[in-house]
Amino acid sequence: MITAILFISFFAMLLIGLPIAICLGMSSVLTVLYASNFVKKFSMLDLSIVATNTYTGIAKFLLLAIPLFVLSGNIMAKAGISTRLVAFIDDCIGHVRGGMAIVCVIVACFFGAISGSGPATVAALGAVLIPAMINSGFSAPFSTALMATSSSIAIVIPPSIAFVVYASIAGCNVGDMFMAGIIPGILMGVALAIVVMIEAKLKNIQPAHERRSWKQRWSSFKEAFWGLLMPIIILGGIYGGIFTPTEAAAVSVVYGLFVGLFVYKDITAKELFELLVDSCKTSGGIMLIIASASLFSYCCTLFGISQAASNLLSGVAENQFMFLMIVNVIFLIAGCFIDANSAMYIFIPIMLPVCRALGYSPIAFGIVATVNLAIGQVTPPVGVNLFVAIGLKVKDMLSSSKEGKEVYYKVTLPMISKAVLPMIVACLVVLLLITYVPQISLLLVK
């Protein structure tokens, strides 16, 4: 009965559209109230455990990296790094067929390494790249879907907030998680680039422009250099033992401020205050989800749900192949409805003991889980990147000039859901590859 109350109340609130943090928190509270009043074994429970466990869930030094990475990503986005990255990558490969869409994939990977957030990457780059792809010959649904899918790589390419959350649950080294995410993130980018090349060939899309001169490429590289240097500083510092991941997040904030205020000079004092407010809102939302998910996970452990589920999983999954197949199915379905951080707290405590018992690397398992949840960001009905992408106002320059008023492209959820299918298939191929060949993820890990 306790299990039924916990999960039925959770899914009921989720279906009526309540925020995920409220669903997790309220279902946990209802379960504690029921157990303390109607189950003799838990009669000593009271609501004080709600406050205690929501606090302990976020009172971890490692999680301090999350608001700092959010702030540094917002700073670098405001500093104009996105337009400079687009200009540099476009100068390098914009002359090939479908080049502008490939630019989208590459820039999303680079910007994801700065922001660590899929929705933030869509918001920062979509207004620039979606119209550019449309003008180069791609359809509006394809361009919007590609922007959303490319941005999902942001939680796989380090530094990733999802990796920080996983490491805090599994007790893994964050630096190892960051290094393990590099090759899978690149493979996802390559898979999407192949989809672009196939689409460009089928639609006979021509290059956006002639080959740029090396002088122009060097000029755009110098402009984008400071943005390109940021992930190198973060990963180099962590992997070189110069600073911890949390300290790296603080360094990235200082570096972002230096670039925005003194190098590019695109950030004013007033804008800096607005950045701080926006970062606090974003970080507060993430930490509220983590706090509620921690409470939900505690209830699963307290009432024996996690142990029972883990025993069931170990009984069904007799070997690594079967276990990983079940895990992928569960995460892919979960990613359609809940965000990555919540899914981590709900499922990792159940799956990780079985993973270790079967001899599968916890680091590689974290990458598998994260790639699954990255795909979940673009799978309907709740693919958050899809909704951010179709929510952008992308101006139709040709129609606007003809009609004498501003006209915007209209991409609906059914349209983008159809266009995103080949991209999801490409990412699933990468997922299967890194799932059953974990050495790919572990290649750069010490």
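Me: Does I416 count as buried or exposed?

Reply: Relative accessible area decides it: buried is under 20%, exposed is over 50%, and partly exposed lies in between, with a 1.4 Å probe and protein chains only. I416 has 0% relative accessibility, so it counts as buried. This is a predicted model, where local features need pLDDT of at least 70, side-chain atom pairs count only at pLDDT 80 or more, and totals for chains, interfaces and linings use all residues. Residues are numbered from 1 along each chain as its sequence is written, and side-chain values use heavy atoms, with hydrogens and water left out.

Me: Where is I416, and which residues does I416 touch?

Reply: A contact means heavy atoms within 4.5 Å. I416 sits in helix α20. Leaving aside residues up to four places away in sequence, I416 touches P141, T144, A145, L386, A389, I390 and V411. Take T144: 272 residues separate it from I416 along the chain, yet their C-alpha atoms are 7.0 Å apart.

Me: How many helices and strands does the protein chain have?

Reply: Both are DSSP runs, numbered from the N terminus: helices are H or I with at least four residues, strands are E with at least two. The protein chain has 22 helices and zero strands. Its radius of gyration is 22 Å, close to the 22 Å that the globule rule gives for 446 residues, so the chain is as compact as a globular protein of that length. That radius is taken over C-alpha atoms, and the rule is 2.2 Å times the number of residues to the power 0.38. Along the principal axes, the C-alpha atoms fill a box of roughly 75 × 45 × 45 Å.

Me: What share of the 446 residues is buried?

Reply: Buried residues make up 54% of the protein chain. Sequence separation gives another view. Of the contacts between residues at least 6 apart in sequence, 77% join residues at least 24 apart.

Me: How many side chains are positive, and how many negative?

Reply: Lys and Arg count as positive, Asp and Glu as negative; His and the chain ends are not counted. The protein chain has 24 positive and 17 negative side chains. The centres of the two sets lie 3 Å apart, with each charge placed at NZ of Lys, CZ of Arg, CG of Asp or CD of Glu.

Me: What span should helix α2 have?

Reply: The expected span is 1.5 Å times one less than the number of residues. Helix α2 (residues 20-38) has 19 residues and should span 27 Å; its end C-alpha atoms are 27 Å apart, which agrees. Its buried residues include I20, C23, L24, V29 and V32. Among the cover over the buried residues of α2 are α1 (2-15), α3 (48-58), α13 (269-302) and α16 (340-357). Helix α1 holds A12, which is partly exposed at 39% relative accessibility. A12 and C23 are eleven residues apart in sequence and 8.4 Å apart in space, C-alpha to C-alpha.

Me: Which residues of α21 are buried?

Reply: M423, I424, A426, C427, V430, L431, I434 and T435. Their cover includes α8 (140-152), α10, α15 (320-335), α17, α20 (413-419) and α22 (439-442). Helix α21 (residues 421-436) should span 22 Å with its 16 residues; its end C-alpha atoms are 23 Å apart, which agrees.

Me: What does V103 touch?

Reply: V103 lies in helix α6 (residues 99-115) and is buried, with a relative accessible area of 0%. V103 touches V86, I89, D90, I93 and L129, not counting residues up to four places away in sequence. L129 is 26 residues from V103 in sequence and 8.4 Å away, C-alpha to C-alpha.

Me: Which loop holds S361?

Reply: The loop between α16 and α17 (362-376). S361 is partly exposed, at 21% relative accessibility. Beyond residues up to four places away in sequence, S361 touches C355 and L442. Q439 is 78 residues away along the chain, with 9.5 Å between its C-alpha atom and that of S361.

Me: What is phi at N204 and at K265?

Reply: Most residues other than glycine have a negative phi. N204 is not a glycine, but its phi is positive, about 55°. N204 lies in the loop between α10 (174-202) and α11 (214-239) and is partly exposed at 49% relative accessibility. K265 also has a positive phi, near 55°. K265 is in the loop between α12 (245-263) and α13, and counts as exposed at 62%.
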